[in-house]
Amino acid sequence: MSAPREKITGVVLAGGQGRRMGGVDKGLVALRGRPMVDWVLERLRPQVDELIINANQNAERYAAFGHPVFADDIGGFVGPLAGLHAGLARAQHPLVATAPCDSPFLSADLVARLHAGLADADAELAVARTFDQPHPVFCLCRRDLLAHLEAYLAGGGRKVDAWYATLKVVEVRFDDEEDAFRNINTRGELQSFDR
């Protein structure tokens with residue numbers, strides 16, 4: 001597969017509160033001796049032209065990974081769309097790929113496959129899907145969606161699926177890589193992978 005013609009900014013979403021893991025910053029929780037976000041950065045870095053981190057706490061610790069760190073522009077921990085919004089506002093490139101900080105096994109060809117789907121469908125946003133399960137925080141979208149997303153958030157919208165429903169979206173199948181989309185939400189899940 002040829003490299004994308006348009007450059008891509010990668011955004012690692014680490015802005016949540018980690019409630020299901022006891023209120024800890026999930027991206028900084030150790031998995032096999034390294035913070036989870038480090039695994040995500042390692043896998044996403046070769047797939048994009050620029051990498052930035054969205055985090056609402058522990059900015060200095062995230063900055064130590066060597067990439068720009070920024071918080072949501074909309075306060076109150078309102079969810080992944082706030083992180084995407086802040087990422088779109090700061091991206092240097094016309095396309096923006098997102099991945100969450102708690103999915104350390106993400107696919108090495110995630111961005112290339114999403115880009116192929118986006119281009120083939122002439123879509124505004126491509127989202128990963130395995131079997132009957134979409135994975136809305138693994139997406140590739142056009143940076144020029146910023147104003148549209150800003151209006152949706154300003155109107156009180158918070159649900160990812162509801163915003164996607166207003167766009168031309170293509171789902172890209174990753175049935176062959178189902179494990180790549182496993183995320184670690186609880187201490188129990190962490191222990192099952194931390195071997």
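Trainee: How far apart are the closest N and O atoms of Arg182 and Asp179?

Mentor: Side chains of opposite charge can pair when their charged atoms come close. Arg182 forms a salt bridge with Asp179, with 2.8 Å between the closest N and O atoms; the term stands for a side-chain nitrogen of Lys or Arg within 4 Å of a carboxyl oxygen of Asp or Glu. Keep in mind that this is a predicted model, in which local features need pLDDT of at least 70 and side-chain atom pairs count only at pLDDT 80 or more, while totals for chains, interfaces and linings use all residues. Residues are numbered from 1 along each chain as its sequence is written, and side-chain values use heavy atoms, with hydrogens and water left out.

Trainee: Is Arg182 buried, exposed or partly exposed?

Mentor: Arg182 counts as partly exposed, because its relative accessibility is 40%, and Asp179 is partly exposed too, at 48%. Here buried means under 20% relative accessible area, exposed means over 50%, and partly exposed lies in between (1.4 Å probe, protein chains only).

Trainee: How many salt bridges does the structure hold, and which residue pairs with Arg113?

Mentor: The structure holds eleven salt bridges. Glu177 is the residue that forms a salt bridge with Arg113, and their closest N and O atoms are 2.8 Å apart. This pair links distant parts of the chain, 64 residues apart, since Glu177 is in the loop between β9 (169–173) and α7 (187–193) and Arg113 is in helix α4 (residues 110–121); helices (H or I, at least four residues) and strands (E, at least two) are DSSP runs, numbered from the N terminus. Glu177 is partly exposed at 21%, whereas Arg113 counts as buried at 17%. Both belong to a network of salt bridges that links Asp109, Arg113, Asp176 and Glu177.

Trainee: Which ring does the charged end of Arg34 sit over?

Mentor: The charged end of Arg34 sits over the ring of Trp39, 3.9 Å from its centre; for this, NZ of Lys or CZ of Arg must be within 6 Å of the ring centre and within 35 degrees of the ring normal. Arg34 also forms a salt bridge with Asp38, where the closest N and O atoms are 3.1 Å apart.

Trainee: How many aromatic pairs are there?

Mentor: A pair of aromatic rings is described by the distance of the centres and the angle of the planes. The structure holds three aromatic pairs, where rings of Phe, Tyr and Trp (its six-membered ring) pair if their centres lie within 6.5 Å, and planes under 30 degrees apart count as stacked, over 60 as edge-to-face and the rest as tilted. Trp163 and Tyr164 form a tilted pair, 5.9 Å centre to centre with 50° between the planes. The pair of Phe174 and Phe181 is edge-to-face, because the planes are at 70°, with the centres 5.2 Å apart. Both Phe174 and Phe181 are buried, and together with Phe138 they form one aromatic cluster.

Trainee: Which residues line the largest cavity?

Mentor: Rolling a probe the size of a water molecule over the atoms shows where empty space is left. On a 1 Å grid over the protein atoms alone, a cavity is a set of points where a 1.4 Å probe fits but cannot get out, and lining residues have an atom within 4 Å of a point. The lining of the largest cavity includes Leu13, Pro80, Thr98, Val160 and Tyr164.

Methods: 1 Å grid on protein atoms, 1.4 Å probe; cavity = no way out; pocket = protein on both sides within 12 Å on 5 of 7 lines; lining within 4 Å.
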